Amino acid sequence: RTGMRTKITKALVISTQPGRSDVTIADTTMVGFELRIRPSGVKVWGYRYCNAQGGQRRIVLGRFPGLTVDEARFCRSRTAGTGRPINLLRALTEDFW
């Protein structure tokens, strides 16, 4: 598993190629926000956090390109502190109502 820390942008997501093992990119502007690129080429948005017992947990927010960088950031901001995933449609409708 390889990893790096940088600001995640659309250009970075598109240009980053899969490796022999998972490639994880941790965002430097939003704590816990990350992109994981599988050897198959699948790109998955995630949110990594510590639970109440101090263990690390990861929530899958969605896949790229189905979920853009901005949409994934929005989902991460709505998921933070809840300990449960939130999909984009639900996040948007909660803001609407």
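This is a predicted model: local features need pLDDT of at least 70, side-chain atom pairs count only at pLDDT 80 or more; totals for chains, interfaces and linings use all residues.
Residues are numbered from 1 along each chain as its sequence is written, and side-chain values use heavy atoms, with hydrogens and water left out.

Back to Asp-27, which is found in strand E2. Is Asp-27 buried or exposed? Asp-27 counts as buried because its relative accessibility is 2%; buried means under 20% relative accessible area, exposed over 50%, and partly exposed in between, with a 1.4 Å probe and protein chains only. Leaving aside neighbours within four places in sequence, Asp-27 is in contact (heavy atoms within 4.5 Å) with Arg-5, Thr-6, Lys-7, Ile-8, Phe-33 and Arg-73.

Now zoom out to the whole chain. From the N terminus on, its elements run β-α-β-β-β-β-α-α, which gives three helices and five strands. Helices (H or I, at least four residues) and strands (E, at least two) are DSSP runs, numbered from the N terminus. Of the chain's 97 residues, 38% count as buried.

The five strands form an open sheet in the order E1-E2-E3-E4-E5, with mixed pairing; two strands pair if DSSP finds at least two bridges between them. E1 (2–6) and E5 (56–64) are the edge strands, each with a single partner strand, so one side of each has no neighbour in the sheet. From one strand to the next, the twist averages 25°. Strands E2 (residues 23–27) and E3 (residues 33–37) run antiparallel and are joined by four bridges. Within that pairing, Ile-25 has Leu-35 of E3 as its bridge partner.

Next comes helix H2 (residues 69–79), which lies across E2, E3, E4 (43–50) and E5, running at about 150° to E5. For such angles, axes are lines fitted to C-alpha atoms, for helices over the stretch in contact, and the values run from 0 to 180 degrees between N-to-C directions.

Where does the nonpolar core come in? The largest one has 19 residues, and those with the most contacts inside it include Phe-33, Trp-45 and Leu-61. A nonpolar core is a set of buried Ala, Val, Leu, Ile, Met, Phe, Trp, Tyr and Cys residues joined through side-chain atoms within 4.5 Å. Helix H1 (10–15), E2, E3, E4, E5 and H2 each supply at least two residues of this core. Beyond its neighbours within four places in sequence, Phe-33 is in contact with residues including Ile-8, Ile-25, Trp-45, Leu-61 and Ala-72.

Leu-61 is found in strand E5 and counts as buried because its relative accessibility is 10%. Among the residues Leu-61 touches, not counting those up to four places away in sequence, are Leu-67, Cys-75 and Thr-79.

One last stop: a cis peptide bond joins Phe-64 and Pro-65, with omega about 15°. Pro-65 lies in the loop between E5 and H2.
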